[in-house]
Amino acid sequence: MENTNTHLSSSKKARIGFCLLLGGPAVLLIPTLIDLIVTVPDILAVFFAFTSAILPGIGAIFCIISLVKGKELDKLGRALSIITIVMCNPLFYPLYFVICMNSGDGLAGMSFM
């Protein structure tokens with residue numbers, strides 16, 4: 001019965017990690033939408049950029065923990081964990097956010113990935 005609880009918690013961590021991966025670029029859409037109404041202050045824009053860069057990294061940490069602790073992780077949880085870790089690859093991840101920040105569009109770097 002303890003393995004079931006570990007299995008569920010590892011699966012939840014994998015799903016949370018994947019949601020954080022998707023939440024990073026989604027955070028970049030917030031200043032874009034706000035900018036349509038009013039001008040976004042620079043400090044707020046830097047905060048959104050920093051947050052969008054950190055969230056997927058935290059998601060990758062959750063996924064690594066779920067892969068290490070969840071020996072019997074379900075196929076979906078394992079796939080989401082691997083996708084999250086690959087997308088947070090240190091070679092592509094910073095370049096993705098440079099493309100997004102330079103273009104001013106939160107999803108501009110998605111085609112690069």
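At 0% relative accessibility, Gly77 counts as buried, where buried means under 20% relative accessible area, exposed over 50% and partly exposed in between, with a 1.4 Å probe and protein chains only. Gly77 lies in helix H3. Its C-alpha is 9.2 Å in space from that of Phe18, although Gly77 and Phe18 are 59 residues apart in sequence.

A word on where these values come from. The model is predicted, so to speak a computed one: local features need pLDDT of at least 70 and side-chain atom pairs count only at pLDDT 80 or more, while totals for chains, interfaces and linings use all residues. Residues are numbered from 1 along each chain as its sequence is written, and side-chain values use heavy atoms, with hydrogens and water left out.

### The chain as a whole

The chain has four helices and zero strands, and from the N terminus on its elements run α-α-α-α. Helices (H or I, at least four residues) and strands (E, at least two) are DSSP runs, numbered from the N terminus. Of the 113 residues in the chain, 29% are buried. Among contacts with a separation of 6 or more, 67% come from residues 24 or more positions apart; a contact means heavy atoms within 4.5 Å. The chain exposes about 7,100 Å², and carbon and sulfur atoms supply 74% of that area. Accessible areas come from the Shrake-Rupley method with a 1.4 Å probe, and for residues only the protein chains shown count as cover.

### Two helices side by side in a table

The expected span below is 1.5 Å times one less than the number of residues in the helix.

| Helix | Length | First to last C-alpha | Expected span |
|---|---|---|---|
| H2 | 28 residues | 41 Å | 40 Å |
| H3 | 13 residues | 18 Å | 18 Å |

The buried residues of H3 are Gly77, Leu80, Ser81 and Thr84. They lie on the same side of H3, because they cover an arc of only 100 degrees around the axis, the arc being that of the directions from the helix axis to the C-beta atoms. An α-helix has 3.6 residues a turn, so residues three or four places apart point the same way. Lys75 and Val86 are exposed and sit on the face of H3 turned away from its buried side. In H2, the buried residues include Phe48, Pro56, Gly59 and Cys63.

### The salt bridge and its surroundings

How many salt bridges does a search of the whole structure find? The search finds one, taking a salt bridge as a side-chain nitrogen of Lys or Arg within 4 Å of a carboxyl oxygen of Asp or Glu. Arg15 pairs with Asp74, and their closest N and O atoms are 3.4 Å apart. Arg15 lies in helix H1 and Asp74 in the loop between H2 and H3, so the pair ties together parts that are 59 residues apart in sequence. Arg15 is partly exposed at 30% relative accessibility, and Asp74 is partly exposed at 22%.

Ser11, also found in helix H1, is buried with a relative accessible area of 6%. Leaving aside residues up to four places away in sequence, Ser11 touches Leu73 and Asp74.

### A nonpolar patch

Leu33, Leu36, Ile37 and Val38 make a nonpolar surface patch of about 470 Å². Patches are made of residues with over 30% relative accessible area and no salt bridge: like charges are joined within 9 Å, nonpolar side chains (Val, Leu, Ile, Met, Phe, Trp, Tyr) within 5 Å. Val38 is in the loop between helix H1 (2–37) and helix H2 (42–69), and at 46% relative accessibility Val38 counts as partly exposed.
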